[in-house]
Amino acid sequence: MANEIIINTTFDEVRVGVLEGGQLVEFYVERKKEASLVGNIFKGKVVKILPGMQSAFVDIGLEKAAFLYVADIKTEVDDFSEFLEDTDVPLELPGRRARSDLTISELIQEGQEVLVQVSKDPIGTKGARGTSYITIPGRYLVLMPTIEHVGISRRIVNVEERQRLRAIIDEIRPKGYGLIVRTASENSDIDELRKDTEFLLLIWDNIQKKKEKVSAPSLLYSDLDLTFRSVRDLLNDDVERLVIDNRDEYENILDFVNNFFPKLLKKIELYDRREPIFEAFGIEIDIYKGLDRKVWLKSGGYIVIDQTEAMTVIDVNTGKYVGKKDLEDTILKTNLEAVKEIAYQIRLRNLGGIIIIDFIDMELPENRDKLYAAFVETMRKDRAKNTIFNVSEIGLIQMTRKRIRESLGRTLCESCPMCDGKGFVKSPKTISYEIFRRLKKIPIHKGAKVIISANPIVADYLSDEQRAGLEEFEVTYDIVIIVKADSRFHREKVEITVI
């Protein structure tokens, strides 16, 4: 089956699913009040310098100040885009001196107004991450107005095509500007690339003009919304069609495509059937499978995915799979099957940052090499930049993956109100023993009534399993204990009242 992009729109939410062979591999969601800030350009004001961390906080008009590392002010070309590839084109900073040996305090000062582009959305308790090196993406090219550099998408592998595109870029690139050639540029002609360049230069010119008229903090440029970003960034030659279920948005896309990428018109389709579009394409069930902690493999093995604040840990287990030959063969087959599922889950769930994968340990070095090679090859499909390290002696693979937005789980879910995100709550037995210890500490006069109010589950446990203990306590201290169930109580909440 061909690759497809499916877009579901409602009043204030847009959901995009990318299908490969009919299976959901990437999922994006954007709500009006929670729209992504990545790519937006602000005129900000430096509010605090942190010399010890070589970073600064910049007020860009959001609830939390943006975080600006010294590396995002220095020449760090490799951070511009996952599509960059080093070339022999010299790196130049128009109008600037070399910055590699300067500290954050030498580069910017508190109160200074700076141009900042959001490179990562606010995640968890962290504010947005910014960069002072601007990238403005088009369909075919990315304009870098602050650095003179040429990069070509790593996904364009044909040597002759790369040379052809480089020759075109050398001809059309404005002096003092940099350009990244995107994957969609493959087989494009010079007129298409020139038109894209002129459009991006117009955007940059408008940003510069607005910058001079407004005070900080101010938004200077907002990137396209999710629907139009999907057309610009995802609709490539490998995608057979883009299907959307909203007629107004369908018409808007047609106008957008007709003006800028007319060759794509035939790929845009309107879905107008009664059945919800995500259910018709089998996407809804895949989304919620992507929220499960445990994922079963066809062989009977399974993987467990735990996401923490600092990293994601993935554990591989043989489960019900017992193999047919020897233990080493069983483990290798389970690990190789897990490789495909893990790569799929990483893309689907948009797991980022540090990822540790605990494969089942194998004794033979050649099997570890097979595992590593298979994982690297499978991860080549991932559009996000990632770095994978060799299998350790205890069967771990460590990797990093560029994180720009929240993961699937943190986008669609919130911390459990029962366990507060821990993943577990105290058992009724544990809570009941805590109650007994509290009773011993409370000054209770003889003949008193003690009312224990608790969650119904805990109250039932006290009244049943711990009835003998309560009666013994009543006799020992000459009191009356009354257990009351209150469904409004959290599982671990208990109130003790003495009358």
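Lys-209 comes out as partly exposed, with a relative accessible area of 48% (buried means under 20%, exposed over 50%, and partly exposed in between, using a 1.4 Å probe and protein chains only). This is a predicted model, so local features need pLDDT of at least 70 and side-chain atom pairs count only at pLDDT 80 or more, while totals for chains, interfaces and linings use all residues. Residues are numbered from 1 along each chain as its sequence is written, and side-chain values use heavy atoms, with hydrogens and water left out.

Lys-209 has a partner: its side chain meets that of Asp-205 in a salt bridge at 3.3 Å, N to O (a salt bridge being a side-chain nitrogen of Lys or Arg within 4 Å of a carboxyl oxygen of Asp or Glu). The two sit 4 residues apart in helix H3, so about one helical turn separates them (helices are DSSP runs of H or I with at least four residues, strands are runs of E with at least two, and both are numbered from the N terminus). Asp-205 is partly exposed too, at 33%. H3 (residues 190-213) also holds Asp-191 and Arg-194, which are 3 residues apart and again separated by about one helical turn. Their salt bridge has its closest N and O atoms 3.8 Å apart. Here Asp-191 counts as exposed at 54%, whereas Arg-194 is partly exposed at 30%.

The structure holds 29 salt bridges, and Glu-20, Glu-26, Arg-347 and Arg-383 are tied together in a network of them.

Now for the strands. S1 (residues 3-9) is mostly covered, with 6 of its 7 residues buried. S1 pairs with S14 (residues 239-244) in the parallel sense over 5 bridges (pairing requires at least two DSSP bridges between the strands). S1 also pairs with S2 (residues 13-20), this time antiparallel over 6 bridges, and the S1–S2 hairpin has 3 residues between its strands. Ile-5 stands opposite Leu-242 in S14 and opposite Val-18 in S2.

Helix H4 (residues 226-234) is largely enclosed by the rest of the structure, because 8 of its 9 residues are buried. Among them are Leu-226, Phe-228, Arg-229 and Arg-232. The cover over these buried residues includes S1, S2, S14 and helix H5 (247-260).

Note on methods:
Contact means heavy atoms within 4.5 Å.
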